[in-house]
Amino acid sequence: MRRLFPSTAVPGPAPEWSTEELAEEYAYPPVGEGSDEAGWWLRGNMVASLDGAVHHGGRSQPLSSRTDMWIFGVLRALADVVVVGAQTVRQEGYGPAKRRSGFAGRRAAQGQAPVPAVAVVSAGLELDFSLPLFTEPVVPTLLVTGRGAPEDRVARAREAGVEVLFAGEGSAVDPALVPGLLARRGLRRQLTEGGPTLLGEFAGAGVLDELCLSISPRIVAGSAPRIMNGPVLPDPDEYVLDGVLEEDGFLFTRYRRSRVVAE
Ligand SMILES: NC(=O)c1ccc[n+]([C@@H]2O[C@H](COP(=O)([O-])OP(=O)(O)OC[C@H]3O[C@@H](n4cnc5c(N)ncnc54)[C@H](OP(=O)(O)O)[C@@H]3O)[C@@H](O)[C@H]2O)c1
């Protein structure tokens with residue numbers, strides 16, 4: 001057993017991190033470059049309260065902190081695509097990813113677009129296509145749905161300039177198909193920001209490679225879901241600890257799926 005905190009390794013004040021150092025810490029592993037194979041890496045990023053809630057009053061912001069949002073921003077800036085469930089878009093008022101001058105060179109060098117695309121997963125497509133997420137993105141927002149999605153809403157999304165991708169034959173998306181679908185479009189460094197329904201589906205489908213979980217030193221009680229809210233897995237899936245950072249009582253943990261590590 002090791003004591004990570006309080007740390008005895010380096011006495012004195014905690015070192016300051018630069019955004020570049022944080023970007024190195026969270027850099028994606030090499031995925032599929034130079035090969036025809038649609039390699040990909042799907043990382044989840046969530047914040048939870050000490051008692052396991054993912055929101056307070058329907059928003060994750062009350063659980064977050066300045067440093068949590070800094071990491072959130074760095075993870076976005078490293079990704080090719082941000083995959084998010086429609087309810088989170090509706091409830092959190094999602095906007096498009098913003099350009100960040102500090103990452104422009106890094107992204108260009110890696111052959112990435114200036115910002116990650118946002119891919120919204122939805123079955124019902126009850127979305128407001130007049131929102132900036134759909135009308136003002138730097139790179140076009142994608143909508144991932146099933147082939148059985150309501151045709152009139154698919155048409156409405158297309159009229160609004162949104163590209164509709166199909167992953168699954170019914171109205172629901174088959175989560176197992178999503179990473180490959182995006183990777184075949186060159187979107188290999190994948191980040192999902194949940195919410196709990198979508199994240200639980202990715203985990204259940206066995207496609208979640210990594211989980212960046214911020215543990216917030218706050219208790220909210222109530223009945224908010226955990227970071228994954230869906231059918232129970234037949235067996236617990238093992239993840240291995242890859243890193244822990246701490247600031248202001250927040251733990252910024254990073255776990256990789258053990259099957260991935262063993263490969
Ligand atoms: N703490 C955090 O880090 C964090 C992160 C994200 C969200 N949240 C919170 O989580 C809450 C929302 O939770 P949630 O679980 O409802 O959100 P969610 O997973 O973002 O959204 C659920 C919706 O996504 C779509 N969806 C999910 N799986 C699908 C599938 N297989 N096929 C087709 N569509 C699918 C459906 O949209 P349609 O209804 O359009 O069909 C479904 O209603 C919010 O309060 C938000 O603040 C917290």
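## Ligand shell

By class, the shell around the ligand holds 13 nonpolar, 13 polar and 5 charged residues. Here Ala, Val, Leu, Ile, Met, Phe, Trp, Tyr, Cys and Pro count as nonpolar, Asp, Glu, Lys and Arg as charged, and the others, Gly among them, as polar. The model is predicted: local features need pLDDT of at least 70, side-chain atom pairs count only at pLDDT 80 or more, and totals for chains, interfaces and linings use all residues. Residue numbers start from 1 along each chain as its sequence is written.

The shell has 31 residues, of which G85, Q87, T88, G195 and T197 come nearest to the ligand. A residue is near a molecule or strand if its C-beta atom, placed from the backbone, lies within 6 Å of it. Strand 1 (41-49), strand 2 (81-85), helix 3 (86-92) and helix 8 (196-204) each give two or more residues to this shell. Helix 3 gives the most, with 5 residues. Helices (H or I, at least four residues) and strands (E, at least two) are DSSP runs, numbered from the N terminus.

## Overall fold

The chain has 9 helices and 9 strands. Its radius of gyration is 18 Å, close to the 18 Å that the globule rule gives for 263 residues, so the chain is as compact as a globular protein of that length. That radius is taken over C-alpha atoms, and the rule is 2.2 Å times the number of residues to the power 0.38. Along its principal axes the C-alpha trace spans about 60 × 45 × 35 Å.

Among contacts in the chain with a separation of 6 or more, 69% join residues 24 or more positions apart. Two residues are in contact if their C-beta atoms, placed from the backbone, lie within 7 Å.

## Annotated domain

UniProt, in an unreviewed entry, places the feature "domain: Bacterial bifunctional deaminase-reductase C-terminal" at residues 41-230. UniProt positions follow the numbering used here, feature names are shortened, and annotations may be inferred rather than shown by experiment. The span is 30% helix and 20% strand, and its end C-alpha atoms lie 22 Å apart.

## Core and burial

Buried residues make up 38% of the 263 residues. Buried means that 20 or more other C-beta atoms lie within 10 Å of the residue's own; exposed means 12 or fewer, partly exposed in between, with C-beta atoms placed from the backbone. In soluble globular proteins, nonpolar side chains tend to be buried together.

The largest nonpolar core has 65 residues, and A119, V120 and V144 have the most contacts inside it. Such a core is a set of buried Ala, Val, Leu, Ile, Met, Phe, Trp, Tyr and Cys residues joined through C-beta atoms within 7 Å. Leaving aside neighbours within four places in sequence, V144 is in contact with A119, V120, V121, L165, A167, V173 and V178.

## Exposed helix residue

E151 lies in helix 6 (residues 151-159). E151 counts as exposed because it has 9 C-beta neighbours inside 10 Å. Its C-alpha atom is 9.9 Å from that of L125, 26 residues apart along the chain.

## Backbone exceptions

Most residues other than glycine have a negative phi, and most peptide bonds are trans. The G194 to G195 peptide bond is cis, with omega near 0°. G195 sits in the loop between strand 6 (189-192) and helix 8.

A221, not a glycine, has a positive phi near 50°. A221 is in the loop between strand 7 (210-216) and strand 8 (239-247). With 9 C-beta neighbours inside 10 Å, A221 counts as exposed. D248 is not a glycine either, yet has a positive phi of about 55°. D248 lies in the loop between strand 8 and strand 9 (250-257). D248 counts as exposed, with 11 C-beta neighbours inside 10 Å.
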